[in-house]
Amino acid sequence: MRAGLLAEFADADALLAAIPRLVEQGYVAIDAFGPRPVDGLDEALRLPRPRQNWFVFPVGLGMATLGFGVQWFCNAWSYPLHVGGRPAFALPAFIPITFESAVLFSSFAAFFGLFYVIGLPRLHHPLFEVEGFERASHDRYFLAVDARDPRFDVAATGQALGGTGPLRVVSFGRIG
């Protein structure tokens with residue numbers, strides 16, 4: 001979202017009431033900002049379910065397999081030690097490192113994957129230039145419509161946002 005229109009609301013209920021009105025008019029590239037989580041906001045914005053598990057699980061499974069394979073190679077194949085009649089390949093001894101390698105690399109995949117999916121680090125955004133947008137972290141709720149939305153027209157979208165009862169509607173970024 002590099003440009004578009006932004007509507008400011010005093011409370012979460014007004015924000016939640018405005019979203020369905022925009023969605024029924026055909027707007028799809030909309031986003032909301034607020035100081036606290038709002039119940040029902042994900043459903044109102046029709047956000048897709050997170051897809052992080054589709055890359056976290058395979059990374060964890062692969063790294064668990066790699067951790068198990070390294071232990072097997074080192075202890076049973078490359079340099080077997082026969083101590084006290086114990087077998088070189090004892091599965092129970094390999095389980096803790098296998099589990100820990102899965103947990104460690106799954107957490108890395110989740111952490112860095114989340115950064116990739118949400119586009120961080122983003123040090124500057126055109127919304128930061130909007131006067132009063134810093135109140136999104138204190139006491140105001142904002143609804144933005146992206147200029148790349150197929151239905152976006154400055155006048156029509158401004159009128160649609162204005163019809164939802166915001167405190168104000170402003171533009172951000174370079175529209176056009």
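How many helices and how many strands are there in the protein? I looked this up and found 5 helices and 4 strands. I took helices as DSSP runs of H or I with at least four residues, and strands as runs of E with at least two, numbered from the N terminus.

**Ground rules.** I am working on a predicted model, where local features need pLDDT of at least 70, side-chain atom pairs count only at pLDDT 80 or more, and totals for chains, interfaces and linings use all residues. Residues are numbered from 1 along each chain as its sequence is written, and side-chain values use heavy atoms, with hydrogens and water left out.

**Overall form.** I read the elements from the N terminus on as β-α-β-α-α-α-β-α-β. Next I checked the spread. The radius of gyration is 25 Å, well over the 16 Å from the globule rule for 176 residues, so the protein is more spread out than a compact globule. The radius is taken over C-alpha atoms, and the rule is 2.2 Å times the number of residues to the power 0.38. Along the principal axes, the C-alpha atoms fill a box of roughly 80 × 30 × 30 Å.

**Surface and contacts.** Of the 176 residues, 31% count as buried. Buried means under 20% relative accessible area (1.4 Å probe, protein chains only). I then turned to contacts, meaning heavy atoms within 4.5 Å. Among those between residues at least 6 apart in sequence, 81% join residues at least 24 apart.

**Two helices.** How do α3 and α4 cross? The axes of α3 (residues 53-78) and α4 (residues 91-118) come within 7 Å and cross at roughly 145°. Axes are lines fitted to C-alpha atoms over the stretch in contact, with angles from 0 to 180 degrees between N-to-C directions.

**Two residues.** I found Thr98 in helix α4. Thr98 counts as buried because its relative accessibility is 17%. Leaving aside neighbours within four places in sequence, Thr98 touches Ala64, Phe68 and Gln71. I found Ser106 in helix α4. Ser106 counts as buried, at 17% relative accessibility. With neighbours within four places in sequence left aside, Ser106 is in contact with Val56 and Gly60.

Definitions and conventions
Buried < 20%, exposed > 50% of the residue type's maximum accessible area, 1.4 Å probe, protein only.
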